[in-house]
Amino acid sequence: MKRRTLGLYSTTALTLALTLPACRDDEGEQMDDGSGGIDTLGGGEDGGGGAAARCATDRMGPPMVRRLTRGELEATLRDVFPEIDGSWSGVSLGPDPVTHQGFSNDAEALAVGLQTAGDILDTAQDVATLVTAADTLATVLPCAATAPDRGCATEFVEQRGAALFRRPLDEEEIARYVEYYDSVAERSDFATGLRWTTVALIQSPLTVYRSELGSNEGGVYRLDPYEIASALAYDFSGLPPTDDLIARAVAGEFDDPEARIEVARELLATEAGHAVLERFFREWSGYGQVAGAVRDDPDFEGVRDAMDEETRRFIEAVVYEDEADVYGLLTANYSVVNADLASYYGYGAPGGDFARVERPAQWGIGLLAQGSVLAANANSGASSPTQRGLLVYEKLLCESPPPPPADVPALPADVDGAQTTRQRYEEVHMADPACQGCHQFFDPIGFSFEHFDQAGRYRTQENGLEIDASGLLVVDPAADPVAFDGLSELATLAAETPAVTDCVSGLMIGYVFGGAGGEVCVAESARDALQAGEIGMLEYVAQLAGAPHFTEREAP
């Protein structure tokens, strides 16, 4: 078992994380989503409205620090120490905590507790052991083979420390780490001293956290060039900044919003940039949950992974190939299937492994008709109008349902007189006043999905009865709900509803900016362009780099 001790700077990182203020709502109450994350997407012109809120002008969030996600930390360490890439198994951290919206990169949720501090220590020890191994050290630090002394250790601290911190170390920092090296090496040897110095560097909050604190200039906190370079790199590629990106930032090139936007476009076009957007859509829609789903269908297990890949490729086609907006995402009349899925669904005959095929008219449209989305939001033996309705209610309308009572019973499998899933839900949820108060907001939306069973396949009947897929959607809180029939009509109605684009664009802001300290109104002009259909979602994300919040923060 590894000995868990807090090395140099571990306590600093822990103290920094635990003393950061949690986001508060307007009554001063901490907003906990119940899953270990904090709901930070508040704000808006009236102080409410969550991620969908709009403001007259751009706002700036507060100065903040953001702990690197599990993936960002691993990418950083692999970049800084490429010599061990083939032998290192990766970080020891567990999954990142998620917010109510399902995002795993929120600054408020990514606190460092004792478990995470221990995991970071384990990771640092693993990396340091490989870096200072006899067959690797001379490759990492050539002077170790010829002059393994204090000067050589200083060279290591300056070079690898700067790469880890994403900025040069000052003289005081260099001296502190070299003194730490001395204190260990004088009791052991060069390699051991360097090993524990490496552990200390990796554990430093300057490695583990991304600084977005800036310096106070007339009441506005302006991010320095190193902070801006790191923000561009991590926000749009999930990787640490390159030397070239840092040099351009230091030269003042990114004082120009258009220059930042152009870099964002370039980064989003890379493989790593594609992965950043893929994570947003996966976490936002939850389609990846299909991989762990168990459904009462003998053919489902054989296509679960293919469903996941279908949706990944579908989103790639919509966002990158079509450069579509939210309307296009919700109304695209195609999917991307392979031969197994074509056989499973009963449509499409792709010529390759995965190919774009047009959906039959009755099979719905857009993201909501994806087999992964449908199967992930269902029960093992039946569809779930509640889960599917909540998907639209929370992810497309940014509404939060009231918390359910503590003693909610499971929906009975058999209800007197009910022969279909819809009838069971109507009898239990909509006819009972105790349930109807909450379920009236999302079950009527979920009924429109009833042409699709729990395994994501189209059906015209259930238990010999024709499917009733009529539903209701509240488009304007001041008006009556709008009636529609079937998933295609729901998708079209949602796509044409401005509040839906506002919701999705607000969630994208929260994702890119790690919660933005609770502020959502940081890119209003870009949201206007997306709402008007002038730009697609890909360009919208790039445009976030030009927002004032990217380089300036409001004084707390």
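This short talk goes through the disulfides and the nonpolar cores of the structure above. Please keep in mind throughout that this is a predicted model.

Let me begin with the cysteines. As a reminder, a disulfide is a covalent bond between the sulfur atoms of two cysteines. When the whole structure is searched, three disulfides are found, and if we number the bonded cysteines of the protein chain in sequence order, they pair as 1-6, 2-3, 4-5.

I will start with C55 and C521, whose sulfur atoms are joined with an S to S distance of 2.1 Å. What does this bond hold together?

Next comes the disulfide between C398 and C503, where the sulfur atoms are 2.1 Å apart. About the S-S bond of C398 and C503 we find 85 degrees, and the link is right-handed. Are these two cysteines buried or exposed? C398 is buried, and C503 is buried as well.

That leaves C143 and C152, which are joined by a disulfide with an S to S distance of 1.9 Å. The torsion about their S-S bond is about 85 degrees, and the disulfide is therefore right-handed. C143 and C152 are both buried.

Now let me turn to the interior. In soluble globular proteins, nonpolar side chains tend to be buried together. In this model, the largest nonpolar core has 102 residues, and the residues with the most contacts inside that core are F236 and W284. Which residues does F236 touch? Leaving aside residues up to four places away in sequence, F236 is in contact with A231, A264, L267, L268 and G273, and also with V276, V512, V541, A545 and F550. There is also a second, separate core, made up of 46 residues, and I84, V127, C152 and A185 are among its members.

I would like to end on C152, as this residue brings the two topics together: C152 is bonded to C143 in a disulfide, and C152 is also included in the second core.

Notes
Residues numbered from 1 in each chain as written. Predicted model: local features only at pLDDT ≥ 70, side-chain atom pairs only at ≥ 80, totals over all residues. Heavy atoms only, no water. Disulfide = S-S within 2.5 Å. Buried < 20%, exposed > 50% of the residue type's maximum accessible area, 1.4 Å probe, protein only. Core = buried A, V, L, I, M, F, W, Y, C linked by side-chain atoms within 4.5 Å. Contact = heavy atoms within 4.5 Å.
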